[in-house]
Amino acid sequence: MGLFGPAWQSENPRKAIKAINKLTDQNTLSIAAQEAASWNARLAAFDRLTDQQIIEGIIMSNANPFIRMPAVERLTDQRIISSIAKNDKDGAVRLSAVKILTDQLALEYVAANDTFDQARSTASIKLNTLILPHGTWSFKRNGGSVYYSYKADSLFVAGEILKKLVFIQPQTYYMVDTPDGTLGRDANGFFTEKPIKIRDLTINSTLGEVDSIKPQSLTMFGETIKNQSAVAHIKANGQYAKLILMMKCGKCGYESPIETEEGDFERQCYSCGTINKAHRAKITVNTTMGIVEI
Ligand SMILES: [Zn+2]
C-alpha cells in the first residue's frame, strides 16, 4: 500500500479504525472489510456494513471463511440468510447463517440434511423453540444435559406444547410445569419425575360428566423400546418412573399422555375431563441390571 493510500489502509490499526468509523460509503466499507491491514480494522468495517446486496456479494465472492463468517453476521434479509444456510459449501459459514436464521422451513431443511453436525443440531434446537406458540423456554445446563422449562395452566396445554416438539436432541429435556403436575418430553417420548394429578384436573372443555368409560385405545408414543428401557433403568435405580402412554378418550377421542401402571387404573381425559377406566398388562424389560417389571 502506498504512502498516499486512504487512511483505512494504514498499518496502524488505531488510525485505520478511526478512518473506517468515518466511512459511510458501503462499497468502500466492503473493500475495507476484506482488505484492511488488521483484523480489528476489518471487523470495524463489517460493523458499518448494512447493504444486504453488497454483503451477499462478499459472501459469494470471497474465498476466505474468516471474511465470509462476519459478513453473514451482518445479514438481516432472511431470504439471503436461508439461501446461505442451505447452500454454502463451507459448514462453518452455514452454521453462522443458521444462528440468525428464523425461517422454519429452512431450519427444518438444515436440521434434516446438513452434513455438518453442529449446523444440524443448532437448527434442531432453534426449531424446538421457534415452533412453540408460547414464546421461549427458560433453560439450564447440567453437564451434558440441557433442561428447558415452561409454565402452563393445565396438563392439556402441556401435552399440546410437548406433542408439537420435533427433532429432540439426546440429553435434552423439556418440562412443562402445571398446577396439576409436571409433564416432560425427551428424545424417547413423554416422562414424569413424580406423580401427576389424576383427578380434578383443569380441563380444556367439558362435555358433561361421564364416568366409567373405556378409552378407545392406549398406545405408545415416540421410541417405544427406548422409552420402556429408560423407565426400567430409572426404576432399577430406585427412582420414580412411569411408562407414559397416549390414552384416546372414549368420550371425545382426545389423546392424553397419561402415567400408566400394570393392572386397572382410572385417568381423567385432559381435554373433556371424562374419567376413562383403562387396563395395561405388565411389561418386562431386560436391562443391564436384570429383568425389570414396569
Ligand atoms: Zn375426552
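User: Hi! Which residue of E5 stands opposite Gly184?

Analyst: Phe191 of E5 is the one opposite Gly184. Before we go on, this is a predicted model, where local features need pLDDT of at least 70, side-chain atom pairs count only at pLDDT 80 or more, and totals for chains, interfaces and linings use all residues. Residues are numbered from 1 along each chain as its sequence is written.

User: Thanks. How many bridges join E4 to E5?

Analyst: 2 bridges join strand E4 (residues 181-185) to E5, and the two run antiparallel. Strands here are DSSP runs of E with at least two residues, helices are runs of H or I with at least four, and both are numbered from the N terminus. Two strands count as paired if DSSP finds at least two bridges between them.

User: What sheet do they belong to, and in what order do its strands come?

Analyst: An open sheet of 5 strands, ordered E1-E2-E3-E4-E5, with mixed pairing. Strand E1 (138-142) and strand E5 (190-191) are at the edges with a single partner strand each, so one side of each has no neighbour in the sheet.

User: Now Thr178. Where is it, and is it buried or exposed?

Analyst: Thr178 is in strand E3 (residues 172-178). Thr178 counts as buried because it has 22 C-beta neighbours inside 10 Å. The cut-offs, using C-beta atoms placed from the backbone, are 20 or more others within 10 Å for buried, 12 or fewer for exposed, and partly exposed in between.

User: Which residues does Thr178 contact, leaving aside neighbours within four places in sequence?

Analyst: Ala152, Asp153, Ser154, Leu155 and Ala158. A contact needs C-beta atoms, placed from the backbone, within 7 Å. Ala152 is 26 residues from Thr178 along the chain, yet their C-alpha atoms are separated by 5.2 Å.

User: Switching to the sheet with E6. Which strands form it, and which are at the edges?

Analyst: It is an open sheet of 3 strands in the order E6-E7-E8, with antiparallel pairing. Strand E6 (217-219) and strand E8 (255-260) are the edge strands, each pairing on one side only. From one strand to the next, the twist averages 35°.

User: And how many bridges join E7 to E8?

Analyst: 6 bridges join strand E7 (residues 243-248) to E8. One of the pairings is Ile244 with Glu259 of E8.

User: What joins E11 to E12?

Analyst: A hairpin, through 2 residues. Strand E11 (residues 284-287) and strand E12 (residues 290-293) run antiparallel with 4 bridges, and Thr284 has Glu293 of E12 as its bridge partner.

User: On to helices. At what angle do H2 and H3 cross?

Analyst: Roughly 150°, with the axes of helix H2 (residues 26-35) and helix H3 (residues 39-48) coming within 7 Å. Axes are lines fitted to C-alpha atoms, for helices over the stretch in contact, and angles run from 0 to 180 degrees between N-to-C directions. H2 and H3 are therefore roughly antiparallel; the classes are under 35 degrees for roughly parallel, over 145 for roughly antiparallel, 65 to 115 for roughly perpendicular, and oblique for the rest.

User: Which residues make that contact?

Analyst: Leu29, Ala32 and Ala33 of H2, with Arg42, Ala45, Phe46 and Arg48 of H3. By class there are 5 nonpolar, no polar and 2 charged residues. Ala, Val, Leu, Ile, Met, Phe, Trp, Tyr, Cys and Pro count as nonpolar, Asp, Glu, Lys and Arg as charged, and the others, Gly among them, as polar.

User: Which residues of H3 are buried, and what do they pack against?

Analyst: Ala41, Arg42, Ala44, Ala45 and Phe46 are the buried ones. They pack against helix H1 (13-20), H2 and H5.

User: How do H5 and H7 cross?

Analyst: The axes of helix H5 (residues 65-73) and helix H7 (residues 91-100) come within 9 Å and cross at roughly 10°, so the two are roughly parallel. Pro65, Arg68, Met69, Val72 and Glu73 of H5 meet Ala92, Val93, Ser96 and Ala97 of H7. That contact has 6 nonpolar, 1 polar and 2 charged residues.

User: Last one: where is Asp200, and what is its phi?

Analyst: Asp200 is in the loop between E5 and E6. Its phi is near 55°, a positive value in a residue other than glycine. Most residues other than glycine have a negative phi. With 9 C-beta neighbours inside 10 Å, Asp200 counts as exposed.

Note on methods. Two residues are in contact if their C-beta atoms, placed from the backbone, lie within 7 Å.
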